Amino acid sequence: INGWRYFTMVTSIPSLLVTAFRLIFRYQSPRFLISAGRTGEAVQVFHAMARINGVDIHEILPENVIFDCDMKCNRSMSSKFLALFSRKYFRRTIGFALIYTLATVGYYVTVVFLPDQLKNLGTDPYFTAFVGYLGQIPGIALMSIITEWPWFRRLNSLRAFSVMCVVFFVLFAVVHNEVSIPVLTILILFGVTPLIPLLYTYISESYATEVRSMSIALFNNLSALAGIAVPYVCGYIIDLDVPWLFPTVIAGLYVVLLLATVIMNHDTHQSILHDNV
């Protein structure tokens, strides 16, 4: 086994581990189930929580508890979609649509087309890209820390990692030697990767429970539509064989992402989550 097959097998291991974990711990959030009117399922989850933690169910769920679920939790799919564009959510929906699409396209372009760029620079694309993936773990670790700091929180953390992406891609465009290429590959993935989980957290905390899944579905579909054109554009740019062009274009993408954060006028650090719009 060699080349792309080995590379694909190794990089798929984390996904397999997450899948196995999900099959074992396959419980929905009780908060979501209650807000959706599925109180029976929520009670079953509470019983499972008590069993797994070895505590009495009454420590988690008092006897004769009454779940207060507003009638609005039974919204239709169309009304949930329209709620994303209500006065309360319109600005953040437009902002997240743009930011999430740019972040996911940027990540997709990096992991799929960076090996081709590395090959054009005369390095072993699979080894260098694999080494680069080592930067993802400390990047995500740093993101999980600074998002809880009072000054950074969610929004400024998003801006900080966007700035990192711009700087690292610009350096990658102008500095080409045996040492800088693998180092910058690690730094690029250090900056690019945390943006996705950061946005998942930020988006989830920005919408009420009853429309949260709809918001994530909307942004995922928008990014998928944008991704249709990505292979053609990136393939064309890389085939031009201009070393500085590909990273410069991606740096420009993250500049637009950084500018798009101006649309956002809220932060969700330690905010109260609401069930209904």
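**View 1. Helices α6 and α13.** The crossing of α6 and α13 is right-handed (the near helix is turned clockwise from the far one by less than a right angle; anticlockwise is left-handed). The model is predicted, so local features need pLDDT of at least 70 and side-chain atom pairs pLDDT 80 or more, while totals for chains, interfaces and linings use all residues. Residues are numbered from 1 along each chain as its sequence is written, and side-chain values use heavy atoms, without hydrogens and water. α6 and α13 pack with their axes 11 Å apart and at an angle of about 25 degrees (axes are lines fitted to C-alpha atoms over the stretch in contact, and angles run from 0 to 180 degrees between N-to-C directions). The two helices α6 and α13 are therefore roughly parallel (under 35 degrees; over 145 is roughly antiparallel, 65 to 115 roughly perpendicular, the rest oblique). On the α6 side, V105, Y108, V109, F113, D116, Q117 and N120 take part in the contact (heavy atoms within 4.5 Å). Their partners in α13 are V230, P231, C234, G235 and I238. The contact of α6 with α13 has eight nonpolar, three polar and one charged residues (nonpolar: Ala, Val, Leu, Ile, Met, Phe, Trp, Tyr, Cys, Pro; charged: Asp, Glu, Lys, Arg; polar: the others, Gly among them).

**View 2. The largest cavity.** The count comes to one cavity of 30 Å³ or more (a set of points on a 1 Å grid over the protein atoms alone where a 1.4 Å probe fits but cannot get out). The largest cavity has a volume of about 30 Å³ (the space filled by probe spheres set on the points, which are joined across faces, edges and corners). Its lining consists of Q117, N120, I237, I238, D241, V242, P243 and F246 (each with an atom within 4 Å of a point). Helix α6 (90-120) and helix α13 (230-239) each supply at least two residues of this lining. By class, the lining of the largest cavity holds five nonpolar, two polar and one charged residues. Q117, N120 and I238 line the cavity, and Q117 and N120 of α6 and I238 of α13 also belong to the contact shown in View 1.

**View 3. Helices α9 and α11.** Helix α9 covers residues 153-174, and its axis comes within 10 Å of the axis of α11, crossing at roughly 155 degrees. α9 and α11 are therefore roughly antiparallel to each other. The crossing in which α9 passes α11 is left-handed. From α9, the residues R154, L155, S157, L158, F161, S162 and C165 meet L195, L198, L199, T201, Y202 and E205 in α11. This contact of α9 with α11 has eight nonpolar residues, along with three polar and two charged ones.

**View 4. Helices α11 and α12.** Helix α11 (residues 195-206) packs against helix α12 (residues 209-227) at an angle of about 140 degrees, and their axes are 9 Å apart. That makes α11 oblique to α12. α11 passes α12 in a right-handed crossing. Y200, I203 and S204 of α11 make the contact with R212, S215, I216, F219 and N220 of α12. Four nonpolar, three polar and one charged residues form the contact of α11 with α12.

**View 5. The whole chain, for orientation.** The secondary structure of the chain comes to 14 helices and zero strands (DSSP runs numbered from the N terminus: helices are H or I, at least four residues; strands are E, at least two). Along its principal axes the C-alpha trace spans about 70 × 45 × 35 Å.

Definitions and conventions
1 Å grid on protein atoms, 1.4 Å probe; cavity = no way out; pocket = protein on both sides within 12 Å on 5 of 7 lines; lining within 4 Å.
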